[in-house]
Amino acid sequence: MKHPSADDIQEYLDGISGAEARVLESHLAECADCRARFEEYRDLYAGLGDGRAIPEIRDLPYRVMSRIEAWRSPTKESALEDWVLAICGVLLPTIALVVFVGIGSLAVGLVGLAGGVRDLAVRSMAGPRPTVIAAAAVVVLLVYLANGIALRRARSGSRRS
Amino acid sequence: MENERSLVRRVLGGDRAAFGVIIEEYGRMVTHIVSRMVRSESDREDVAQDVFLKVYENLHGFEFRSRMSTWIARIAYTTCLNFMEKKRPSLLDDDLPEMGGVDSFPSSTPAPDAAAHRAGVAEILEREIGALPVDYRTALTLFHLEGMTYDEIGEAMGLPGGTVKSYLFRARKQLRGRLASTYSREDLEN
């Protein structure tokens, strides 16, 4: 065998050299230079496997648990609760808006009837055209969806702090 | 340690003490990763805590497709990377090794002085590891201290196993070269 490369030695020490391992071992038994290089790597591996010089982080479990105490449990129920809140944040104001538009339209119609302006009353009570209502609903939904997302982000932000 | 599945079930059921068991089990690994990736000692505590808070927050999404250690290592790795990006966006010494080339990578280690002579091998080695690119440091940590395979390390770091192997080989080659050229045999045998 020719002199093993640094990669050959590392593959051997990593335990992935397979059938080449015996060839390398017999070469090391004969070649003092390669043996010295091999021993340097072996010492390096021993050092790399010793983590004692890395300082411990004091009270890590206690500190993490203290921060978690300020949180809720990460259960599926809490995730569901987030979504219910977000959906309510979107739907309830939208429903309120639609009701107000309906009442407003009815009121104008009644005033028109009382004043004898029949055409105006009929047009008012008929309300806006469906396309206008749909467009308004989409805009309102987008606005309140943004509110819902903002709510979720605010909640997750407050849990972190 | 208690079966990880039942431990996770207990945590998701609201048993916070069960999460304490997870911290005890993986605290050392997270400490290793954070300490090797984050240079500032004062920041390490906060980052390590953040890692476990993310583990807690995302535990319901862990589906045991990998070992829990690999999953937590990945969270630790990404948390450290995010921290480093926010903390020091213009610092170049944590760039990926391909960008600068490992052989030309500058070391911040000063010439050996009296203190270095007195330092133990472990401290000398730790100092030299600290001069390596961040991905080399992380790969060495996960391989040698946590006993992970190339593929597991790749999963944690979002890299192919072959790239991890290449990082490890180059990191060790660089370490060996620097130790041999900077320190005498006596220093290393202290």
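In chain B, 67% of the contacts between residues at least 6 apart in sequence join residues at least 24 apart; two residues are in contact if their C-beta atoms, placed from the backbone, lie within 7 Å. This is a predicted model, in which local features need pLDDT of at least 70, side-chain atom pairs count only at pLDDT 80 or more, and totals for chains, interfaces and linings use all residues. Residues are numbered from 1 along each chain as its sequence is written, while chains are lettered from A and ligands numbered from 1 in the order in which they are written.

## Helices and burial

Chain B has 11 helices and 0 strands (DSSP runs, H or I of at least four residues for helices and E of at least two for strands, numbered from the N terminus). Of the 190 residues in chain B, 37% are buried, a residue being buried if 20 or more other C-beta atoms lie within 10 Å of its own, exposed if 12 or fewer, and partly exposed in between.

## Helix H9 of chain B

Helix H9 (residues 150-157) of chain B has 7 of its 8 residues buried, among them B:Tyr150, B:Ile153 and B:Met157. Their cover includes helix H4 (68-87), helix H8 (134-145) and helix H10 (161-182) of chain B. Just after H9(B), B:Gly158 has a positive phi of about 70°.

## Where the chains meet

Chain A gives 28 residues to the contact and chain B gives 35. On the side of chain A that touches chain B, H4(A) supplies the largest share, 7 residues.
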